[in-house]
Amino acid sequence: MAPRFVTRPPKVRPVPRSTASTNPHWIADSYRRHMASAVVDAADHLVTDQDALVRAVASGSTDAVDHALALDRFAAVLEERVRPVVERLMAARGGDTLRRLFVAKADRPGPPVGPPTVRRAAGGDPSPEVGRFSLDFRLDNPYAIQAAQTIVGDLITRVSAGTVDAVRQIIEGAIVQGLPPRQAATLIMGTVGLDPRRATALERYRAMLAAEGVPGPTVDRLVTAYSKRLLKDRALTIARTETIRASSAGTQAAWHQAIREGLIDDAKYGQQWSDTGDRRTCPQCQTLAAGPPIPFGALFPGGYSGPPAHTSCRCDVVFVSLPAAQKGVGAATAPTVQAPATADLAE
């Protein structure tokens with residue numbers, strides 16, 4: 001069954017200007033639940049036939065268990081669920097960025113005489129085409145395409161690899177320990193979508209229940225319930241991080257679109273890392289925010305193209321004027337989207 005957000009895209013409701021200015025990721029926040037649902041839906045989609053899994057476990061073959069779970073399809077299923085969320089989020093943030101960057105002149109009273117004129121926000125002489133420039137963000141610009149591919153590809157690689165490692169870890173342990181096939185199948189099914197750390201917590205919970213003499217059916221019920229909580233926790237962690245990354249990429253893609261339209265002079269303007277400035281801000285993000293502005297398309301210290309720098313990062317990128325020493329060094333002609341190191345995004 002198709003996930004809910006595929007047939008009914010999330011609606012981004014306008015928020016008061018004060019809220020948008022204090023929370024630059026209000027759009028990302030509105031998509032967080034849909035991103036988490038995408039991860040959970042992918043895991044649920046993979047587990048279909050428990051009886052087949054029980055037979056595979058009884059055979060004692062890890063290959064048979066892999067085949068019953070169809071782990072090789074997990075990456076494709078996850079991409080099918082996640083990509084629409086990433087693209088819609090990037091489009092929403094990109095459109096919001098363009099609307100804030102270019103201010104339309106208020107129409108005078110009386111009948112309309114043409115499209116509103118767009119004020120050039122980034123210097124230079126306006127061209128005749130500026131008055132008809134569309135503020136609609138386009139996902140088909142090269143930077144947006146590359147950004148979406150990088151975000152989705154990196155997320156799928158990390159999540160699917162972690163899931164495969166976790167499932168195989170549990171499969172091997174269940175066979176070595178000689179768990180009854182149905183109990184082992186319940187444990188393995190509950191591991192789909194988890195990372196090795198959470199899978200270990202699930203296995204220890206099952207072992208604790210068994211050691212306390214809890215009846216088998218009750219163990220299965222409690223293990224299933226706990227696995228759902230662990231999966232939801234991981235999905236929310238992934239969603240918090242990846243919605244911020246897609247949001248920042250949407251902003252940067254909007255800047256590159258405006259540069260291609262000749263509305264931003266990338267020799268005079270660039271971007272700067274921006275933290276939240278509160279006591280929850282980590283030293284790493286404080287250091288990045290304290291650094292100088294960089295040209296569009298360049299990488300921040302540490303090799304980041306933009307936030308997040310780590311799991312649950314709350315930073316953003318902002319449009320700024322470049323220092324005199326950097327003016328004329330535009331980098332937007334060769335945009336780079338760099339995925340954070342896997343260690344920085346431990347879930």
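A residue counts here as buried when its relative accessible area is under 20%, as exposed when over 50%, and as partly exposed in between (1.4 Å probe, protein chains only). The model is predicted, so to speak of local features takes a pLDDT of at least 70, side-chain atom pairs count only at pLDDT 80 or more, and totals for chains, interfaces and linings use all residues. Side-chain values rest on heavy atoms, with hydrogens and water left out, and residues are numbered from 1 along each chain as its sequence is written.

A salt bridge is taken as a side-chain nitrogen of Lys or Arg within 4 Å of a carboxyl oxygen of Asp or Glu. By this rule there are 16 salt bridges.

One of them joins glutamate 242 to arginine 158, with the closest N and O atoms 2.4 Å apart. Glutamate 242 sits in helix H10 (residues 216-260) and arginine 158 in helix H7 (residues 142-177), so the pair ties together parts that are 84 residues apart in sequence. Helices here are DSSP runs (H or I, at least four residues), numbered from the N terminus. Both partners are tucked away: glutamate 242 is buried, at 1% relative accessible area, and arginine 158 is buried too, at 10%. These two also belong to a network of salt bridges that links Asp154, Arg158, Glu242 and Arg245.

Helix H6 (residues 74-101) holds another pair, glutamate 87 and arginine 83, four residues apart, or about one turn of the helix. Their closest N and O atoms are 3.8 Å apart. Glutamate 87 is partly exposed, at 29%, and so is arginine 83, at 23%.

Note on methods:
Helix = DSSP H or I, 4+ residues; strand = E, 2+ residues; numbered from the N terminus.
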